[in-house]
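Let's walk through this protein together, one question at a time. Have the sequence and the model open beside you as we go.

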Amino acid sequence: MTRVLLPAAVALAPLLVLIVVLSLVRCNGEHEPTVGLTAEAELVSPDGAAIGTATFLQTSNGVLIMAEVEGLAPGGHAFVIHEAGACTPDFDAAGDHFNPTGADHGFVHSAWRNDDSGGHGGDLLNIYAAADGSARADFLTDGVTLDEGPSHSVFDDDGSAIIVHELPDPYGEEEADTGERVACGVIVSTGGGG
Ligand SMILES: [Zn+2]
């Protein structure tokens with residue numbers, strides 16, 4: 001029996017080493033979020049009026065974003081995380097869509113290419129304002145994290161901001177015209193996670 005098992009163990013040893021190495025690589029390649037981290041963005045209109053909030057909660061499945069906005073034109077509006085945490089001197093200060101992976105914009109675009117980039121990390125779904133201009137929307141996204149350090153952190157060197165656009169995002173065009181930027185809010189940490 002020993003004669004059979006010993007050579008088998010020797011033969012399997014390199015395989016076991018390979019499995020351990022692969023496991024380590026996989027663990028190091030995945031971001032382990034700090035569940036419970038929180039953040040908030042106070043949304044203002046171009047004339048500086050407070051018109052809403054977006055609150056952020058890091059979960060194990062991604063960042064849960066809960067938004068309430070007032071004073072919008074009825075209908076759809078693109079709701080996007082932008083690359084810079086600035087809303088002054090005007091909303092252009094927030095820069096482009098937050099794009100830590102160098103992907104192309106849009107969920108539909110991504111599906112057509114049959115790739116797994118999933119669009120920009122900051123791409124979210126549209127919000128839809130009712131006839132009275134109020135909107136309520138929740139999102140769960142793994143395109144960003146509230147942890148500092150990973151490349152897809154909203155708290156990178158220049159921070160990040162939420163922008164509400166005048167028009168809805170058709171999701172499929174790289175340079176879709178979503179009109180004016182009608183609300184902006186810098187994302188700020190409110191703690192949590194401890
Ligand atoms: Zn985008």
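A residue is buried if 20 or more other C-beta atoms lie within 10 Å of its own, exposed if 12 or fewer, and partly exposed in between, with C-beta atoms placed from the backbone. This is a predicted model, so local features need pLDDT of at least 70 and side-chain atom pairs count only at pLDDT 80 or more, while totals for chains, interfaces and linings use all residues. Residues are numbered from 1 along each chain as its sequence is written.

Q: Is Y171 buried or partly exposed?
A: Y171 is found in the loop between β8 and β9. Its C-beta has 18 other C-beta atoms within 10 Å, which means that Y171 is partly exposed.

Q: What is the phi of Y171?
A: Most residues other than glycine have a negative phi. Y171 has a positive value although it is a residue other than glycine, with phi near 75°.

Q: Which peptide bond is cis?
A: Most peptide bonds are trans. P89 lies in the loop between β5 and α2 (107-113). With omega near 5°, the cis bond is the one from T88 to P89.

Q: What is the order of the strands in the open sheet of 7 strands?
A: Two strands pair if DSSP finds at least two bridges between them. The edge strands, each pairing on one side only, are β5 and β7 (135-141). With antiparallel pairing, the order is β5-β8-β9-β1-β2-β3-β7.

Q: Which residue of β9 stands opposite V44?
A: β1 and β9 pair in the antiparallel sense over 6 bridges. The residue in β9 that stands opposite V44 is C184.

Q: Which residues touch the most other members of the largest nonpolar core?
A: A nonpolar core is a set of buried Ala, Val, Leu, Ile, Met, Phe, Trp, Tyr and Cys residues joined through C-beta atoms within 7 Å. The largest one here has 37 residues, and those touching the most other members are L43, V69 and A161.

Q: Which strand gives the largest share of this core?
A: Strands that each supply at least two residues include β1 (37-44), β2 (50-59) and β3 (62-69). The largest share is 5 residues, and it comes from β9.

Q: Is I81 buried or exposed?
A: I81 sits in strand β5. Two residues are in contact if their C-beta atoms, placed from the backbone, lie within 7 Å. Leaving out residues up to four places away in sequence, I81 touches F98, G122, L124, V144, V154, S160 and I162. I81 has 28 C-beta neighbours inside 10 Å, and therefore counts as buried.

Q: How far apart in space are P74 and A129?
A: P74 is found in the loop between β3 and β4 (75-77), and it counts as partly exposed because it has 13 C-beta neighbours inside 10 Å. Beyond four places in sequence, P74 touches A129, A130, A131 and G133. P74 and A129 are 55 residues apart in sequence, yet their C-alpha to C-alpha distance is 4.7 Å.

Q: Over which residues does pLDDT stay under 50?
A: pLDDT is the predictor's confidence in each residue, from 0 to 100. The protein has a mean of 86, and 78% of its residues reach 70 or more. The stretch where pLDDT stays under 50, with 0 contacts beyond four places in sequence in the model, is residues 16-29.

Technical notes:
Helices (H or I, at least four residues) and strands (E, at least two) are DSSP runs, numbered from the N terminus.
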